[in-house]
Amino acid sequence: MELFADLLLIAIGAALVNNFVLTYFVGLCPFLGVSRRLDTAFGMGCAVTFVISVAALLSWTMTEFVLRPGAPLPNWVWSSLNPAAEAGEVDLSVLSYIVYIFVIASSVQLVEMYVRKFFPPLYKSFGVFLPLITTNCAILFACLEIMKHVVARDWGLPESLTLAIFGGVGFTIAIVLMAGIREELELCEVPESLRGAAITMIVAGILALAFMGFSGIGANVEKLLNP
Amino acid sequence: MPVPEPTPLERFLNGILPENPVYRQLLGLCPTLAVTAAMKPAMTMVGATAFVLICANLITSLIRHLLKPHLRILVFTLTIATFVTIADRTLAAFAYPMSKLLGPYVPLIIVNCMIISRCEVCSSKQGPKAALADAVGVSLGFLLALASVATVREILGNGSWFGIQLVPESFPTLILMILPPGAFLALGSLLGLATWLGHRRRARESAAEAGSV
Amino acid sequence: MSRLRDTYLGQAWLILLLAGVFGALLAAVHLKLSPRIEDNIRAEIMREIPGLLLGAEVMEGASITIEGDLVRIEPAAGEPRVLTIVEQPSEASALYQVAEGDPGRLLGWVARGQDHGYADVIELLVGLTADTARITGIYVLNQKETPALGDGIVRSGFRQHFVGIPTDNPLTVGRDAAEAAQSPYAIQALTGATVSSRSVCKIVNDTVALVKVEIAEEPERSDARP
C-alpha cells in the first residue's frame with residue numbers, strides 16, 4: 001500500500017505538478033517543432049513516452065548495477081583482481097553521462113526497429129521524428145533524475161519506471177494541449193512579429209501558469225496518503 | 001557553382017547576431033529558460049556551454065575526415081558528453097556554490113541542440129580555425145541571448161541585477177518572472193521583439209534600395 | 001539487415017575508440033578532482049557547524065581556519081575558539097559531535113538530515129545542545145525550492161524561529177505569528193511557502209528524534225574526546 005502511495009505521488013508529480021516541459025523546460029525542441037497539428041503531436045508524445053520508458057529501464061539497470069558508488073558489478077570485478085581493495089570503493093559515476101547517451105541512442109534504435117516491424121503505417125507517419133528523440137533533453141533528464149535517486153538509495157525499479165512513464169504522459173499532455181491551441185491560433189490574427197515561436201512561447205507561459213495550479217493537488221494527495 | 005564556405009571571420013560574426021542561436025535559430029531554449037532567473041547562474045551557464053562548445057568543435061573538426069554518415073550524431077554527442085562531465089566536475093571542484101545552483105542543468109548541455117547543430121553544420125566540414133571562430137561567435141550570441149532574458153527576468157522579478165539590489169526591498173516585484181511561466185513569457189516577448197526589429201531593419205534596407213534605384 | 005550491420009558495425013570502431021579515449025580522460029579528471037570536490041562538501045559543513053552552536057553573533061566577521069577535525073575561529077570581538085568536530089556513525093545522513101578546547105568539553109551535536117521539500121530535496125544541518133534538550137539552530141545545505149518564495153528558508157529570519165526550541169515534543173508549523181505564539185513548539189511558516197516550511201519542520205523533527213535516540217543509547221560517546 002505504501003509503495004502504491006509513493007508511486008501515485010511520483011506519477012502525479014511527474015505528469016502534472018512538475019511537468020517536464022512546463023516546469024523543467026526539457027523537451028522543448030519537439031514541443032515547439034511538432035505541436036502544429038494534433039495528430040503528429042499525439043504521435044510524438046507516444047513515441048517519446050515509449051522511448052523514455054525503455055531508456056529508463058536500461059539506465060536504471062546500468063546505474064544500479066554498474067555506475068553508482070558501491071555498485072556490485074565493478075566492485076566484484078575489482079575485488080577479484082585486487083584482494084586488498086576496500087569494499088565498495090569503485091565509483092564509476094563519472095562515466096554516467098556517456099553511458100546514458102549510449103543507452104538513449106540504443107533505446108531509440110530499439111524502438112525504431114520495433115515500430116518499423118510491427119506498426120509500419122505508424123512508422124511512416126512519424127519515423128522521421130524518432131532519430132530526433134535522441135537529442136530530446138526529456139529523456140536524458142529522466143535518466144538523470146533516476147540516477148539521483150538511485151545514488152541516494154531511495155528509489156527502486158518501480159519508482160524509476162513510474163517517473164519515466166508518467167513524465168512521458170505529462171509531455172504528451174502538454175504537447176497535445178499546445179497543438180490544440182495552435183490549431184485554433186491559426187484562425188486568429190496574430191501580430192506579425194509574434195507569429196511562430198514567439199506566440200508559442202507566450203501560450204506555453206500561460207499553460208505553465210495553469211499547470212502551477214496542480215501543485216496544490218500534489219501536496220494534498222500526499223497529505224491524504226500519509227496522514 | 002558551389003557556394004564558398006564561410007571564412008573563420010564570417011563564422012565568428014554570424015554567430016553573434018545574424019544567426020543568433022536562440023533568437024534566430026531557436027536552439028538551446030532549455031537553458032535559456034531554466035537558468036535565466038538571475039544573471040549570475042545565466043553567465044555561469046554561458047561559460048560552461050562555451051567551454052563545451054569550443055572543445056567539441058575543435059575535436060570534431062580534427063576528426064572530421066574519420067566521420068561516417070550514419071553514426072556522426074552519436075560521435076558528436078559522445079564528445080559533448082565527455083566535456084560536459086569535465087565542466088561539471090571542474091565547477092564542483094572550483095565553484096562549489098554555483099555548481100549546486102546549476103546542478104541539474106549542466107548535464108543538459110549535452111543535449112543542447114545548439115552544440116550539436118554547430119558540430120553538424122560547421123566543424124564537421126571545416127578546419128579547426130573556422131570551427132574555433134564559429135564556437136566563439138556562437139557563444140557570444142548565446143551570451144547576448146541569455147543576458148537579455150536574464151536581465152528582464154531578474155529586474156522585473158527580483159529588483160536586482162547580478163545580485164545587486166536596484167530597487168528597495170519593499171518595492172513590489174513581479175515574482176512570476178522568476179517562475180517557469182515567467183520564463184516562457186519573457187522569452188516569447190523578447191523573441192517577438194527580435195523578430196520585429198529584424199523586420200524593421202529589412203523594411204528600411206529594402207526602402208533604401210528602392211529609393212536608390 | 002546485413003547491409004544495416006555493415007554500415008553500423010563498420011563505423012562502430014570510431015565510436016568504440018572514442019569511448020575508450022574519453023573514458024580514460026574522464027577517469028583521470030575524476031581521480032584528480034574528486035578529492036577537491038569532497039573537500040568542498042566537507043568544508044562547507046565544517047564552516048557552518050560553529051555558527052550553529054556558538055551563535056551567529058560570534059561568527060559575525062570571524063575568520064575561520066579548518067585543520068582536519070579542528071576548526072579555529074577568531075571572532076571580530078572576543079577570545080579565539082577552537083572546536084573539534086568528529087563525525088559519528090549514525091542512521092541520519094550524518095551526525096557530528098562538537099567539542100571545544102583541550103581537553104575537550106562537549107559543546108553540542110550537529111545532525112544532517114534530508115527529505116523532499118516542495119520542489120526537490122532539502123538538506124539541513126540541525127544543531128543540538130550537549131544534552132540534546134534544545135535546538136540551537138538550523139542551516140540549509142541544499143535546496144531547490146521556488147525562488148523568492150520557498151527559498152526564503154535559507155534566510156536567517158526563518159531559521160531564527162528554530163533557535164532555542166525544546167526537543168521533547170515534535171515541532172509544528174503555525175500559519176502566522178499569532179498561531180506560532182500559541183505553542184513553544186510552533187514555528188512560523190514562511191509567507192506563501194507553507195509546504196517548504198512544513199518540509200523543513202518535518203526534516204528537523206525526524207532528524208532530531210533519530211539522533212536523540214542514538215545519542216541516548218551510546219552514553220560513552222557523550223564524553224568528549226581528549
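Predicted model: local features only at pLDDT ≥ 70, side-chain atom pairs only at ≥ 80, totals over all residues.

Reader: Great. How do strand 4 and strand 5 of chain C run, parallel or antiparallel?
Author: They run antiparallel, with 7 bridges joining strand 4 (residues 94-100) to strand 5 (residues 105-116) of chain C. One of the paired residues is C:E100, whose bridge partner in strand 5 is C:R105.

Reader: And what sits between those two strands of chain C?
Author: A turn: the two strands form a hairpin with 4 residues between them. In that turn, C:G101 has a positive phi of about 80°.

Reader: What about strand 5 and strand 6 of chain C, how many bridges there?
Author: 9 bridges, again in the antiparallel sense, and strand 6 covers residues 121-129. There, C:Q114 stands opposite C:E123 of strand 6.

Reader: Switching topic: how much area is buried between chain A and chain C?
Author: About 1,000 Å², and carbon and sulfur atoms give 63% of that. On the chain A side, A:V94, A:I98 and A:F102 supply 35% of the area that chain A buries against chain C, more than any other three residues.

Reader: Which elements of chain A are involved in touching chain C?
Author: Helix 5 (96-118), helix 8 (137-151) and helix 11 (215-225) of chain A each give two or more residues to that side. By type, the chain A residues there divide into 6 nonpolar, 4 polar and 3 charged.

Note on methods:
Residues numbered from 1 in each chain as written. Chains lettered and ligands numbered in written order. Heavy atoms only, no water. Pairing = 2+ DSSP bridges. Buried area = accessible area lost by both parts, 1.4 Å probe. Nonpolar A, V, L, I, M, F, W, Y, C, P; charged D, E, K, R; others polar.
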